[in-house]
Amino acid sequence: MGAGEEVSSSSSGNQNGSHSDITNVILNVYDLTPINNYSYWVGFGIFHSGIEVHGKEYGFGAHDFPISGVFEVEPKSCPGFIYRCSILLGCINMPFSEFRALIESVASEYHGDTYHLISKNCNHFTEDMVHRLTGKHIPGWVNRLARIGSLCSCLLPESLQVTTVKQLPEYHEMDGTETLSTASLGGSTEIDDTDPEKQLLSPKDGNSDISFIKEAQMCECKVP
């Protein structure tokens with residue numbers, strides 16, 4: 001794999017199973033299509049990825065609003081995708097509270113309506129987070145499709161189902177932090193061939209296990 005090593009299913013983003021300061025940084029990779037079973041072995045495929053830190057997995061997906069598209073799920077279980085493997089990319093010493101502040105800050109840079117399959121997708125998000133946390137990069141094969149951009153429209157399966165946002169979601173309290181309820185998500189539809197670069201969150205299996213991260217609010221300071 002080059003940039004990291006695969007980890008066993010028993011490995012965890014948090015070494016002690018609790019919110020200690022030391023945590024692994026793990027890249028969880030998923031297949032978007034069964035075609036990957038064949039194309040993966042020649043270094044090509046259509047993948048989703050999430051970053052696992054402190055026992056939770058974080059990813060980036062599309063919706064129709066100018067608010068955070070960063071979401072949180074249980075590790076290795078992002079709804080609608082087929083889990084492939086986990087790659088250990090490092091270990092950091094960062095309290096959960098500090099990491100939470102970081103992910104909320106980063107969420108302000110990844111709004112759901114800015115998602116673009118070629119220039120700003122889920123793998124760009126994990127690459128950004130991994131580099132901020134460890135100074136390393138995700139393996140090149142994970143986001144190779146984006147770099148070959150011109151091929152994307154013909155490689156995406158037309159039958160891939162997505163779920164669109166029908167109304168502005170609401171935030172609610174969960175474990176002392178605000179997350180975005182997915183109860184307002186609904187209405188399965190096929191990808192519009194005229195807009196192949198935007199994969200709306202989330203795939204066909206629904207997203208009841210997804211919680212969006214509320215972005216950090218910027219403080220506006222007035223100069224007297």
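Colleague: Among contacts in the chain between residues at least 6 apart in sequence, what share join residues at least 24 apart?
Modeller: Bear in mind that this is a predicted model. Take the contacts in the chain between residues at least 6 apart in sequence, then pick out those that join residues at least 24 apart. That share comes to 72%.

Colleague: And what is the chain built from, in helices and strands?
Modeller: The chain has 224 residues, and 49% of them count as buried. As for its elements, the count is five helices and 11 strands.

Colleague: Is the crossing of α2 and α3 left-handed or right-handed?
Modeller: The two helices pack at an angle of about 140°. As α2 passes α3, the crossing is right-handed.

Colleague: Which residues meet where α2 touches α3, and how many of them are charged?
Modeller: From α2 you get Phe99, Leu102, Ile103 and Val106. They meet Phe125, Met129, Arg132 and Leu133 of α3. Sort the residues of this contact by type and you find seven nonpolar, no polar and, for charged, one.

Colleague: Staying in α2, is Arg100 buried or exposed?
Modeller: Arg100 is found in helix α2, and its C-alpha atom is separated by 9.3 Å from that of Ile213, 113 residues apart along the chain. Its relative accessible area is 6%. Since buried means under 20%, Arg100 counts as buried.

Colleague: What does Glu104 touch, leaving out residues up to four places away in sequence?
Modeller: Glu104 is another residue of helix α2. Setting aside residues up to four places away, Glu104 touches Ile213, Lys214, Glu215 and Ala216.

Colleague: Over to strand β3. Why does Gly50 count as buried?
Modeller: Gly50 sits in β3, residues 47-53. Not counting residues up to four places away in sequence, it touches Ile26, Leu27, Asn28, Glu57, Tyr58 and Thr126. The cut-off for buried is under 20% relative accessible area, and Gly50 counts as buried because its value is 0%.

Colleague: How far is the C-alpha atom of Gly50 from that of Leu27?
Modeller: Leu27 is one of the residues that Gly50 touches. Along the chain the two are 23 residues apart, while their C-alpha atoms are separated by 5.9 Å.

Colleague: What about Phe47, buried or exposed?
Modeller: Phe47 also lies in strand β3. Its C-alpha atom and that of Thr33, 14 residues apart along the chain, are separated by 8.1 Å. With a relative accessible area of 5%, Phe47 is buried.

Colleague: Which loop holds His54, and what is its phi?
Modeller: His54 is buried, with a relative accessible area of 3%. Its place is in the loop between β3 and β4, the latter being residues 56-60. Phi of His54 is positive in a residue other than glycine, near 50°.

Colleague: And what is the phi of Lys76?
Modeller: Lys76 is found in the loop between β5 (70-73) and β6 (82-93). Here too a residue other than glycine has a positive phi, and for Lys76 the value is near 65°.

Methods
Residues numbered from 1 in each chain as written. Predicted model: local features only at pLDDT ≥ 70, side-chain atom pairs only at ≥ 80, totals over all residues. Heavy atoms only, no water. Helix = DSSP H or I, 4+ residues; strand = E, 2+ residues; numbered from the N terminus. Buried < 20%, exposed > 50% of the residue type's maximum accessible area, 1.4 Å probe, protein only. Contact = heavy atoms within 4.5 Å. Axes fitted to C-alpha atoms, helices over the stretch in contact; angles between N-to-C directions. Left-handed = near helix turned anticlockwise from the far one by under 90°. Nonpolar A, V, L, I, M, F, W, Y, C, P; charged D, E, K, R; others polar.
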